[in-house]
Amino acid sequence: MVSNLAGGRPPRQAAESGAQLGALEAYAAQAHGFLSAGGEQLTQLAGLLRPLVLESWLRSVRGGVDPTDVLDGRGLRGADLERYRDAHPIAALMPLIDKLLVQDAARAGLIVTVADQFGRVLTVHGHPEQVAAVAEIGVREGDDLSERRVGTNAVGLVVRTGRATWIHGPEHFLHRMHQITGAAAPVHEPDGRLVGVLMIAGGMRVAKPEILALVKAAATAAEMDLVLRAMRAGRSVPAPPPDTAEPPRARLGLDVLGLGQPQLSVAGERVALSQRHAEILLLLTEHPEGLGADHLALLLDDTDLDNGTIRAAMSRLRSVVGATVVGSRPYRLRVHVATDVEALRAALDSGDIESALRLYAGPVLPRSSAPGICDIRDELRVRLRAAVLAARDAGVLRRWTAGPEGRDDAAAWAAYRSTVDRDSPLYAQIEAKIRVLDRRLGADATQMQRFGS
């Protein structure tokens, strides 16, 4: 089936038809094959997965999640779960969620899951047989559906990104979750903090746009209910900042790509940042849900940092970016920080490879050895290189092979050769470069011939 899909792309939005879902399943199944092969084969994932799913898979790989992981007994259970669930802010919203979502979903034979802000499942609603079925694959009350625990899934992605999304069948990182589709949306407190996640799960019909719209509408209604409760209780509800019409970069921006010193832009003025401050800011932009001191320490240095050192670093960072920019418990950004990493990802998501190459001034914080930064650096390099190779565009390949990342990339030179007329002088030059790489690096000629000559 995969061979019949040449030249296609997995759908970017909710699928409209069974044919689209069939294509998506075939691409994802092929991606799992490359995932099993590991190593350089991971570069093949970019042409097979939706960008959001690809980024999540790469994080799952680097986080050590095993796609063949079997269900275990870990999770919050019994009285501990009941106490936690009853005390959670989303408990007050359950009558509304039941009215808006649970009743209709149950009649349609679907499952509704309510999770907390960390991806912990609080409740699962639906027909008892279906609830039991999803429990067997790991969607149980008390289970942790965060991305770091079970890899790519709808709840985990909402916790990670703060945005509504859907994940279908083999797009899930774990094999045991391939039989379900989930559509999920975030519920935020009036101050913007994530408080929970709503998900509808079931078969392929959950991938329809109207299901995702239903979940988002229920989440929005829940947020409005939280605002009304806060007002009735006399608590102030934060107003939108007065300068929301300004571009985010004009307020606060971070540039970390390339060999130059990291730069922070504040209201248009650029300030040089230390590498440590740039590392912390970038990691916080990658984790909008926030990072505890222990987690942040592991992402910065998996051996030497303690909580006291983290607190001192955060204090110094606040003196640079402003005392109100970074919150505590957990550490999180209170304002949007636009990064060149974010801009590069947006260009890749839209398929604008030329813009992506212009934005890619070099690796992410190339002098950093922080584990979390290395993950981001590797993810972007893999995505960009895969997009360049998939484009099969002479101009794109010329720019890539002219830069430091692509100068000795044998596969890219072979792909470039396939776009050039055999009779042109440029073809001979590319051929000579490939021979040099073949001798110098011991490149596999058979692998290069895969791109044609």
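Q: On which residue is the kink of helix α4 centred?
A: This is a predicted model in which local features need pLDDT of at least 70, side-chain atom pairs count only at pLDDT 80 or more, and totals for chains, interfaces and linings use all residues. Residues are numbered from 1 along each chain as its sequence is written, and side-chain values use heavy atoms, with hydrogens and water left out. Helix α4 spans residues 94–107, helices being DSSP runs of H or I of at least four residues and strands runs of E of at least two, numbered from the N terminus. Its kink of about 35°, an angle between axes fitted to the seven residues ending at a residue and the seven starting there, is centred on L101.

Q: Why is the pair of W57 and F173 edge-to-face?
A: The structure holds 2 aromatic pairs, where rings of Phe, Tyr and Trp (its six-membered ring) pair if their centres lie within 6.5 Å, with planes under 30 degrees apart stacked, over 60 edge-to-face and the rest tilted. The centres of W57 and F173 are 5.7 Å apart, and because their planes stand at 85°, the pair is edge-to-face.

Q: How many residues apart in sequence are the parts that W57 and F173 tie together?
A: Both W57 and F173 are buried. W57 belongs to helix α2 (residues 51–62), whereas F173 sits in the loop between β3 (165–168) and β4 (181–188), so the parts tied together lie apart in sequence by 116 residues.

Q: At what angle do the ring planes of W413 and Y416 stand?
A: These two residues are both buried, and, being 3 residues apart in helix α17 (residues 410–417), they are separated by about one helical turn. Their ring centres are 6.1 Å apart, and the pair is tilted because the planes stand at 40°.

Q: How far apart are the C-alpha atoms of A414 and I434?
A: A414 is found in helix α17 and is buried, with a relative accessible area of 0%. I434 is 20 residues away from A414 along the chain, yet the separation of their C-alpha atoms is 7.1 Å.

Q: How many charged residues are in the lining of the second largest pocket?
A: This pocket has a volume of about 800 Å³, and, of the 31 residues that line the pocket, the closest to its centre are R148, R160, H287, E289 and H295. Among the elements that each supply at least two lining residues are α2, α10 (275–286) and α15 (371–391). On a 1 Å grid over the protein atoms alone, a pocket is an open set of points with protein on both sides within 12 Å along at least five of seven lines, a cavity is a set where a 1.4 Å probe fits but cannot get out, and lining residues have an atom within 4 Å of a point. By class, the lining has 9 nonpolar and 10 polar residues, while the charged residues number 12.

How values were computed: Buried < 20%, exposed > 50% of the residue type's maximum accessible area, 1.4 Å probe, protein only. Points joined across faces, edges and corners; volume = space filled by probe spheres on them. Nonpolar A, V, L, I, M, F, W, Y, C, P; charged D, E, K, R; others polar.
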